[in-house]
Amino acid sequence: MTCFLIGPAPYIGTPRLWLTLVADGTLGVGVALTIAPIYSAMMQVARPQCPDLSTESITMFISGLVPSALSFGELIGPLVGGGLNGIQDFQTSTSLFGEVTLAMAVLMLVVTLVDIRGKERKELSCRNVITFALCLLVYLCCNVALALFPPFFPLEAAVKGATSGIIGAVASANPLCVVITSPIFGYYLPRLGVKFTLLAGILLLGGSCVLFATLQWISGTTFVVFCFLFALVGGVGSSMMQTATYALAGMLFNGNYGVATGLLEVAAGLGYMAGPPVGGALYDLGGFLLPFLVVGAVPLSILPILCIIIKPTGFKEDQLPISTILRVLRSFVIISLVLSTVVGTSTLSFLIPIYSPFLYTQFDLSVYKIGLVSLIDAATYVGLCLVTAPLYDRLPPRPFIITGLVLCSLGCFLIGPAPYIGTPHLWLTLVADGILGVGVALTVAPSYSAMMQASRLQCAELSTDSIAMFISGVIPAAISCGEFIGPLVGGAAKEVFDFEQCASLFGEVSLAMAVLLFLVTAYDTCNTRARPKTQPSYTVESTPQDPAILHS
């Protein structure tokens, strides 16, 4: 990062002395953090590779390897840097070293995660892997369907007599329906069964998407009524599908809820990224009919396969009594985690109605460039969910959520930026957009693991899968609530304040939520230490006979 800023890189802005000095200091910190731990890291890796050798023998070899690597870097750096400076300017040369360093960091992260997974690998049957892959594809299609609308639906709806307010209400109907119905389906999931809930949700979701295509032949009041009807049916289907998918994913991964949630959120992020371009391309190719038919046909085509490979769960799990649910929902920890998920999601979704006009008026960007900028937060969200998912089951998840809320706050303060920070710069807005995506990923992805841990403390007498089914309804409701509140509050606030003040408002709420969750966590930790024997482990194992859900 500092190599990009020390010039700075040509696409960031003009050189500033204070920025160069800060980047120079940060560069020293980065080199120190890279080199100082290298001896310990090599020793830790070398010992398992050579268990038959003594520690002293390995130490002697590594003691020669480390100086060699340091000297090699001292040789390559001036050589390549001087050669580049004869061809490119200073800014371009430092950017090249920054890109190499970033690529090395990504490679190191991937190798580390693969090494961790190799040490603690959970065996999954081929049938379970195929099942979860198909569920991910359905989850992806669900989010593509939600993101299809912006390129063409508002224009078509306006021609058919719908106002902008009605169009916004239709777009909000799906997340609002998920907010209301997901906890209900989570409560009744042990009675309905995961298989029935999942398949019924896919049928309703895919069917409503296909039915939307028929709206091209009607207009006026009839068009508006059927828009709401199909959106509500799709919302119910989306609620059932998401609730069952979260429960099924946790069981397939043997209680590793962080991995399950991380992969599901990757699918959700990819769906939101792919929705607008897919919708626009299909609309250009086949008009209003084709986008809805294609996106609706994919989950419907998967339905028969899932019907065959998923085993009915029957009435194996007991339905949670109302008193138990109230005990869980009255917990300050659960309340704070639900609110954190709502706030984290809303800090990203509030940009939907107001971000594009800001980029156009402030930086005079074209529609194409605005679309690329809008992908930054989604891309960082997807990337971080993918690489950090295994950590949420091995480490306490609440510190991740607190860090994510702080980063959400920082991103909101910088994206404008806030009036008391300075004047707008495009590079600062782009960096803030990326920070916002990272913050939302750290806030939302660990929420399943965090709620499961807190719920196990409240209901230690119940099975893990019974609790997981209920939490599987709470998570989609919290995420959809943020997706509903964000654009609503963001659009209303823009009528009174400018973009910078709107973003600052969401930043202040996110920071307040981080402080609240920190205080609740500190209080809960102090209470938990008084009763260590009842505290569950960070990786909650599902009962071995239940995840089956599938044929062995």
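Me: How many helices and how many strands does the protein chain have?

Reply: In this predicted model, local features need pLDDT of at least 70, side-chain atom pairs count only at pLDDT 80 or more, and totals for chains, interfaces and linings use all residues. Residues are numbered from 1 along each chain as its sequence is written, and side-chain values use heavy atoms, with hydrogens and water left out. Helices (H or I, at least four residues) and strands (E, at least two) are DSSP runs numbered from the N terminus, and the protein chain has 21 helices and 0 strands.

Me: Which residues have the most contacts inside the largest nonpolar core?

Reply: In soluble globular proteins, nonpolar side chains tend to be buried together. A nonpolar core is a set of buried (under 20% relative accessible area, 1.4 Å probe, protein chains only) Ala, Val, Leu, Ile, Met, Phe, Trp, Tyr and Cys residues joined through side-chain atoms within 4.5 Å. Here the largest such core has 96 residues, and Leu-198 and Leu-306 have the most contacts inside it. Helix α20 (residues 464-494) gives the most to this core, with 9 residues. Apart from it lies another core of 23 residues, including Ala-145 and Cys-209.

Me: At what angle do helix α11 and helix α12 pack?

Reply: Two packed helices are described by the angle between their axes and the distance between the axes. Helix α11 (residues 257-286) and helix α12 (residues 289-309) pack at about 125 degrees, with their axes 7 Å apart, where axes are lines fitted to C-alpha atoms over the stretch in contact (heavy atoms within 4.5 Å) and angles run from 0 to 180 degrees between N-to-C directions. Among the residues that meet are Gly-279 and Tyr-283 in α11, and Leu-290 and Pro-291 in α12.

Methods: Buried means under 20% relative accessible area, exposed over 50%, partly exposed in between (1.4 Å probe, protein chains only).
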